[in-house]
Amino acid sequence: MKSFNERCYEILRRVPKGKVTTYKDLAKAMNTKAYRAVGNAMNKNPYAPEVPCHRVIQSDGSLGGFASGTKKKIQMLKAEGVEIINGKINLDKYRYKLR
DNA sequence: CGGTTGACCAAGT
DNA sequence: GACTTGGCCAACC
């Protein structure tokens with residue numbers, strides 16, 4: 001039985017470059033409501049380059065947090081082709097449909 | 001087992 | 001729009 005965290009990583013790792021998802025959707029995809037616990041998992045994320053934890057944002061389109069700083073997160077996403085307006089992302093455009 | 005923590009969410013002020 | 005409150009759930013001590 002894998003830990004809750006590893007399940008997060010497995011789902012998150014299939015989010016393609018140039019797309020994003022939200023903590024809530026991620027939790028929903030694994031059939032739980034623990035979006036908070038998901039955030040915890042990301043913070044600890046031991047699969048740093050393998051799992052794109054910077055592609056996970058809040059439900060309202062704002063970035064949420066990032067271990068190395070929110071600014072870094074913005075830069076990485078922009079580098080992947082995601083447009084960020086006023087520190088927010090257009091979910092209709094960039095949200096990746098899980099499941 | 002209980003209490004604390006957190007990269008959250010929604011609704012209210 | 002900023003801040004507070006209550007709710008949520010897993011990990012950790």
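Entry one, the layout. I read chain A along the sequence as α-β-α-α-β-α-β-β-α, with five helices and four strands; helices (H or I, at least four residues) and strands (E, at least two) are DSSP runs, numbered from the N terminus. The radius of gyration of chain A is 12 Å, close to the 13 Å that the globule rule gives for 99 residues, so the chain is as compact as a globular protein of that length. Both use C-alpha atoms and 2.2 Å times the number of residues to the power 0.38, respectively.

A note on the source: this is a predicted model, where local features need pLDDT of at least 70 and side-chain atom pairs pLDDT 80 or more, while totals for chains, interfaces and linings use all residues. Residues are numbered from 1 along each chain, chains are lettered from A and ligands numbered from 1 in the order written, and side-chain values use heavy atoms, without hydrogens and water.

Entry two, the inside. I looked up burial (under 20% relative accessible area, 1.4 Å probe, protein chains only) and found 38% of the 99 residues in chain A buried. A nonpolar core here joins buried Ala, Val, Leu, Ile, Met, Phe, Trp, Tyr and Cys through side-chain atoms within 4.5 Å. The largest has 17 residues, and Cys8, Leu12, Leu26, Val38 and Met42 touch the most other members. Helix 1 (4–12), helix 2 (23–29) and helix 3 (35–44) each supply at least two of its residues. Apart from this core lies another of nine residues, among them Ile57, Leu63, Leu77 and Ile84.

How values were computed:
Buried means under 20% relative accessible area, exposed over 50%, partly exposed in between (1.4 Å probe, protein chains only).
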